[in-house]
Amino acid sequence: MGNNNQIDYAFKVKAGEKIKLHEYDPNFTSGLKKEDAAAHFAKYSAELEELQELLIASGSHSVLVVLQGMDTSGKDGTIRHVMSTLNPQGCRVTSFKVPTANEQAHDFLWRIHLETPQKGVIGIFNRSHYEDVLVVPVHGLKPEEDVERYYDHINNFERLLADSGTIILKFFLHISKKEQLARLKERELNPSKRWKMSVADYKERELWDTYQRYYGEALSRCSTSHAPWWIVPADAKWYRNLAVAETLVEHLRPYRDKWKKALDERGQAAIKELQAARARGEINNNHS
Ligand code: AMP
Ligand code: MG
């Protein structure tokens, strides 16, 4: 822990690892204090901004960030804080709600595939195809045998995206049941947050243990080297933001040289074209 060269603020789920969520402390802060975190966060934000510029310019990859977590776990807050430094032209946020009739009339990945980021773009999923192995089995919305097949479909789908140049990172924002209650209460008491309240939040809360079990299942069965899951301790909002920012940066940094090279090559090709056009007299050289 604490080594700057290592991804260690969030917990990576290794491929094939069996995850028991109760073994992860939602309140873990890696020995950091909130006061110290701000400087680290600023550093990662700046680097993320720079990496995004290279991603856009090189145009060889896309990035897909999947955010999952119980109600109030901070999916919206993460998008607001961690992604606020990004260039909006290269970002696309999609929130997945209860499927519409049209979406229901297709396979479960159809609406997801439509929203995957094109090259140069960072796509952020606020909820995702994982709802189909979470809310769906928790409420028995589809036959068990169907859901059982979804795990393979998800893994194959993510492999397809990765093979096509998508860098995939999946974050499970891990909060405690106690912290959720505090946040629900806060929503109720704070007039500016009331709009987010819903009866469903309290009803879903009663299914906490079942949700945790299905989350454990999804994390265990769908974490791969090309599309890893990260468990983010999320009771402390500042730590959650820092952990997501750090993981993103550490994961994208290895691409920096390749992206920089592609950018330089494109720059050189553009210069050559310009020089050739000038030599052919196609461009007025006198700029008067
Ligand atoms: P919110 O994130 O508060 O806007 O709520 C969106 C709701 O849509 C959540 O209750 C999700 O569980 C639900 N939802 C998202 N995807 C699906 C899905 N595939 N099937 C059923 N419900 C879903
Ligand atoms: Mg909600």
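The second largest pocket of this predicted model is lined by 17 residues, among which Lys20, Leu21, His22, Gln212 and Arg213 lie nearest its centre. A pocket is an open set of points on a 1 Å grid over the protein atoms alone, where a 1.4 Å probe fits, with protein on both sides within 12 Å along at least five of seven lines; lining residues have an atom within 4 Å of a point. The volume of this second largest pocket is about 260 Å³, a volume being the space filled by probe spheres set on grid points joined across faces, edges and corners. Helix H9 contributes the most to its lining, with five residues; helices (H or I, at least four residues) and strands (E, at least two) are DSSP runs, numbered from the N terminus. The lining comprises six nonpolar, five polar and six charged residues, where Ala, Val, Leu, Ile, Met, Phe, Trp, Tyr, Cys and Pro count as nonpolar, Asp, Glu, Lys and Arg as charged, and the others, Gly among them, as polar.

The largest pocket has a volume of about 1200 Å³. Its lining consists of 42 residues, with Asp71, Thr72, Lys75, Arg127 and Asp201 nearest the centre. Elements giving two or more residues to this lining include H2 (75–82), H8 (199–205) and H10 (237–252); the largest share, five residues, comes from H2. By class, the lining of the largest pocket contains twelve nonpolar, eleven polar and 19 charged residues.

Residues are numbered from 1 along each chain as its sequence is written, and chains are lettered from A and ligands numbered from 1 in the order in which they are written. Local features need pLDDT of at least 70 and side-chain atom pairs count only at pLDDT 80 or more, while totals for chains, interfaces and linings use all residues; side-chain values use heavy atoms, with hydrogens and water left out.
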